[in-house]
Amino acid sequence: MAYFLKKTKNKKGTYLQIYESYYDPERKGGAHRSYKPIGYIHELQANGIDDPIAVFTEEVQKLNQEHIKKKQAEKERQISEDSPEKLLGYFPLKNLNDSLGSKKYIDLMQTATDFRFNVFDMLSALIYARVVQPCSKSKTYVEVIPKLFEKHSFSLDQLYSGLEYIGSEYEKIIEIFNHQINQKYKFDTSHSYFDCTNFYFEIDKEDNFRLKGPSKENKKEPIVGLGLLLDANQIPIGMKMYPGNESEKPVIRTIIDDLKQRNHISGRTIQVANKGLNCFNNILHALKAGDGYIFSKSVKTLPETEETWVLLPNDYVDVKNKEGEVLYRIKECVDDFSYTYTDADGHRKTLKLPEKRIVTFNPKLAEKQKYGINRQVEKAKKLKACEAKKSEYGDSAKYVTFVSADKKGQKTDGKIKVEINEKAIERAKKLAGYNMIITSETHMTASEIYAAYHNLWRIEESFRVMKSQLDARPVYLQKRDTITGHFLICYLAVLLTRLLQIHILNDNFGTEEIFDFMHDFRVAKISDRKYINLARSSSFIKQLSAKTGLPLTSYFLGNEDINKMLSHRF
């Protein structure tokens with residue numbers, strides 16, 4: 001790069017400008033651009049500059065000398081604490097976040113506080129940092145946020161204060177985002193998906209939020225629960241945090257009622273959930289609210305007549321892949337089914353409900369389950385041989401019976417005798433590979449119900465994204481509101497990613513591909529105006545570049561290229 005004084009003659013006189021020359025990678029050669037316009041010589045002389053050419057020639061010489069010194073300093077530069085690397089993979093989420101216009105409402109919320117920083121700015125920075133490089137809040141503040149392109153002006157103490165604030169108001173913030181999303185994309189609540197998970201904390205002592213309960217990861221430490229509701233396109237509508245010792249089954253009722261009210265979801269929705277949330281109270285609650293349900297049901301708990309229907313080979317239809325291999329077999333029936341429950345006064349009652357029941361048989365699942373059964377039976381036999389304690393049997397206990405017996409085999413109150421339960425083993429193997437779905441939607445076809453239920457994998461994937469790509473735990477925060485604020489950040493990261501995946505990319509890319517891009521798309525600054533692209537080429541980058549017209553595959557990127565990415569609108 002070099003500077004020179006350009007003199008352009010026209011009818012008005014001679015016009016002076018300082019130009020700079022530079023290398024243009026697209027032209028693969030030298031190019032020129034205006035650095036500083038000066039003015040006409042006669043006007044400059046009228047303003048007291050006797051010899052403008054001499055004055056500005058001297059300025060050009062100084063600019064060139066400074067440039068030479070800067071280049072020399074670059075050559076001699078030692079390792080610096082300031083990394084030239086910038087993280088840029090979050091720009092699609094920034095584009096979406098900016099376009100939703102949630103900022104104005106969160107700014108209005110903030111007027112009720114005395115914060116001297118912008119809450120929306122802090123919230124956005126934490127979302128972007130979470131998707132590009134998840135880590136602790138202090139490390140995020142020191143190492144990740146400085147590598148984002150925008151300048152963020154808040155201290156670490158303000159970050160923690162802001163996190164506690166958004167945690168205390170997390171339902172309002174989700175409501176704001178939902179309102180704005182509904183304006184632009186519209187939620188499809190013709191049916192909704194719901195599931196719960198929990199996150200454990202590496203602490204010994206419980207508090208009123210982190211409490212011991214059944215952990216999804218079989219941990220003994222205190223946990224907190226998180227319920228997630230998704231629309232028909234598997235885009236999150238809301239989340240609910242609850243103490244770790246609370247049962248999931250009533251949580252579904254509280255969350256769905258609350259979310260429908262908050263988000264003005266009227267009309268009928270179909271709740272889709274797995275067998276862990278299938279209980280008569282949830283079914284009754286859905287029907288009383290005018291909603292429907294699609295739940296899975298364990299075939300092991302069926303009465304004898306229904307089990308016989310499941311096992312009869314009649315009416316099954318084979319579903320095959322393109323190669324003609326059987327993926328699963330399916331059949332259905334509609335009937336009135338009895339439910340026994342206890343009412344508010346403690347009386348046992350029976351109620352018949354019209355339901356469609358769909359049962360499937362998956363040959364590969366049957367093989368897998370039979371293998372698991374055989375392993376548990378072998379374990380039980382070994383434990384029986386070494387006279388292990390009852391507590392040592394674990395899951396294999398379902399295939400043995402424990403009876404008190406004396407040496408003659410007579411039952412007593414003394415020593416426990418262990419017997420292999422052949423009937424239980426035979427029944428378990430007989431039911432291997434079978435699954436049942438029950439629904440109030442008797443008008444829907446078996447294939448529609450099967451497809452709706454199996455889309456639950458999206459909600460499971462959302463939990464997996466939180467626990468893996470977003471590293472939602474371990475959590476080092478202590479206060480309930482800051483913990484909730486942390487999970488709100490993870491939730492909003494998933495929400496924006498799902499909007500990108502479903503509405504912008506038309507569900508043509510998996511979550512892994514999108515997160516790989518966000519983690520890996522980064523640049524390094526090599527001069528004031530130039531960066532180099534450090535991301536590896538991939539099918540996703542090429543297609544996103546083609547869709548947006550942005551130079552995502554270029555090796556050299558200028559400031560204008562970066563600004564285009566950060567201000568792009570899908």
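Asp315 is exposed, because its relative accessible area of 62% is over the 50% cut-off. This is a predicted model, so take everything below as a reading of that prediction.

**Loops and positive phi**

- Back to Asp315: you'll find this residue in the loop between helix 11 (304-311) and strand 10 (317-320).
- Asp315 isn't a glycine, yet its phi is positive, at about 70 degrees.
- As background, most residues other than glycine have a negative phi.
- Asn506 is another non-glycine with a positive phi, this time about 55 degrees, and it sits in the loop between helix 16 (480-504) and helix 17 (511-520).
- Gly290 comes after helix 10 and also has a positive phi, near 80 degrees.

- Nine bridges link strand 1 to strand 2 (residues 13-24) in the antiparallel sense, and Lys6 stands opposite Gln17 in strand 2.

- Strand 9 (residues 292-297) is mostly covered, with six of its six residues buried.
- In a regular strand, side chains alternate between the two faces of the sheet.
- Here, Gly292, Ile294 and Ser296 point one way while Tyr293, Phe295 and Lys297 point the other way, and all are buried.
- Strand 8 (residues 270-273) pairs with strand 9 in the parallel sense over four bridges, putting Gln271 opposite Tyr293.
- Strand 15 (residues 434-439) runs antiparallel to strand 9 and is joined to it by four bridges; in this pairing Lys297 faces Met436.

**Helix 10**

- Helix 10 (residues 280-288) has these buried residues: Phe280, Asn282, Ile283, Leu284, His285 and Ala286.

- Tyr555 belongs to the loop between helix 18 (539-548) and strand 18 (556-558).
- With a relative accessible area of 47%, Tyr555 counts as partly exposed, because that class runs between the 20% and 50% cut-offs.

Terms used
Residues numbered from 1 in each chain as written. Heavy atoms only, no water. Pairing = 2+ DSSP bridges. Helix = DSSP H or I, 4+ residues; strand = E, 2+ residues; numbered from the N terminus. Buried < 20%, exposed > 50% of the residue type's maximum accessible area, 1.4 Å probe, protein only.
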